Amino acid sequence: MSSDTIAQQQAPRLRLAGSGQGVDLLPPVVLAPMAGITDLPFRRVVAGFGAGLVVSEMVASQEMAQARPSARARGRAELGLTEARTAVQLAGRDPHWMAEAARIAADGGAQIIDINMGCPAKKVVGGLSGSALMRAPDHALRLIEAVAGAVDVPVTLKTRLGWDDAQRNADDLARRAVDAGVCMVTIHGRTRCQFYKGAADWAAIGAVVRAVPVPVLANGDIRGPEDARAALSASGAAGVMIGRGAQGRPWLPAQVAAALYGTPAPTVPRGAALVELVAAHHEAMLSFYGRDPGLRVARKHLGWYAEAAGGAPGPRRALLTAKDPARVHALLPAALEPAPTAAAAAA
Ligand SMILES: Cc1cc2nc3c(=O)[nH]c(=O)nc-3n(C[C@H](O)[C@H](O)[C@H](O)COP(=O)(O)O)c2cc1C
């Protein structure tokens, strides 16, 4: 299938059906959940550029459901449940707590509940959550049924190709998940045992696309419009999910959507506009986390912005070691200025 055919054949609006009203996914280009990264400030920046959907960091269902009312209210505010185009991702092993957490999230305004069955971390897998559930499909199904039965908003699933190469069961799991009420599936094109090694296998995602009647999103290693076209072409997926590629480039999902589906192209900020964007994101992180924790969390985003801008190492180092917000802002123009290329320097 040529890339032009994809652009013409794929309807950019996907309807995610819950037992209630359902949600339109437009465009079908989604920011991936990333623990420690896709917090509310970052999701707001990405959604502001025009991503079709942004997904929260994974939330531990039992902790959420057992939190005291005051902590629960704070948690709800931090999750930004009522923000437009936001899905809340839940992780856990116990159908009861997953259902409780889903109910709390939906009552608090969440429009989509995503179930994490892809996290490879030992801490999570050891607890029979995340990608460990791929090895226990009957248990995984009980969990999905519990969540789908608890809420009337759309319930989606994010998983990998399988546990390892010998157990690539995402198609079977997805089929059963859809029977249990899941209305969209995202597949990261790696197995659990690959963690993040090797290249994402976009063609293998096609087995899931062919197995289920609901939209499938292809995920893994999509860092620009050409990757997105190739992932769609290889998999036949209905859309894409982008994670690490959006670090330091929060406009990327909107840029990919514009290239693929002709949605309005974002203006990619450069120079003073980029400085303004990063300064505003920085301030949002400081007010969200508080000054000192905010400065720590912000550092990785500042590093990604400087890297994406092609800033020179010296100003970047100065930026990343600055200890007060005014100094960070003063250093932004130099750190975000593209370093002269070797060719330009030689000319
Ligand atoms: C730092 C980090 C944190 C992540 N946290 C989550 C998470 O909370 N839930 C989840 O389903 N996937 C998580 N992922 C996986 C991503 O959502 C995505 O599947 C993976 O990074 C591959 O996509 P990419 O190549 O576009 O980054 C995480 C990935 C990274 C790098």
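## Model and confidence

The model is predicted. The protein has an average pLDDT of 92. Of its residues, 94% score at least 70.

Residues 1-11 stand apart from that picture. Their pLDDT stays under 50. The model gives this stretch 10 contacts beyond four places in sequence. Where pLDDT is low, predicted coordinates should not be read in detail.

## Domains

The domain assignment gives two entries: domain 1 spans 3-261 and domain 2 spans 271-346. Their centres, taken over C-alpha atoms, are separated by 30 Å. Domain 1 brings 8 residues to the contact, and domain 2 brings 9. On the domain 1 side, the touching residues are 4 nonpolar, 2 polar and 2 charged.

## Nonpolar cores

The largest nonpolar core holds 93 residues. Within this core, Ala-102, Ile-113, Val-147, Val-185 and Val-240 touch the most other members. Helix α5 (residues 95-107) supplies the largest share, 8 residues. A second core is separate and has 15 residues, among them Met-285, Ala-298, Ala-309 and Leu-331. In soluble globular proteins, nonpolar side chains tend to be buried together.

Residues up to four places away in sequence are set aside here.

## Ala-177

Ala-177 sits in helix α8 (residues 170-179). Is Ala-177 buried or exposed? Ala-177 is buried, because 28 other C-beta atoms lie within 10 Å, and the cut-off for buried is 20 or more.

Which residues does Ala-177 contact, leaving aside neighbours within four places in sequence? They are Ile-144, Leu-157, Val-182 and Val-185. Val-185 is also one of the residues that touch the most other members of the largest core. Ala-67 gives a further reference point. Ala-177 and Ala-67 lie 110 residues apart in sequence. In space they are 28 Å apart, C-alpha to C-alpha.

## Ligand shell

The ligand is surrounded by 22 residues. The closest are Ala-32, Met-34, Met-58, Gly-243 and Arg-244. How does the shell divide by residue type, and how many are charged? There are 9 nonpolar, 9 polar and 4 charged residues around the ligand.

Notes. Residues numbered from 1 in each chain as written. Predicted model: local features only at pLDDT ≥ 70, side-chain atom pairs only at ≥ 80, totals over all residues. Core = buried A, V, L, I, M, F, W, Y, C linked by C-beta atoms within 7 Å. Buried ≥ 20, exposed ≤ 12 C-beta atoms within 10 Å, placed from the backbone. Helix = DSSP H or I, 4+ residues; strand = E, 2+ residues; numbered from the N terminus. Contact = placed C-beta atoms within 7 Å. Domains from an automatic or database assignment. Nonpolar A, V, L, I, M, F, W, Y, C, P; charged D, E, K, R; others polar. pLDDT = per-residue confidence, 0-100. Near = placed C-beta within 6 Å.
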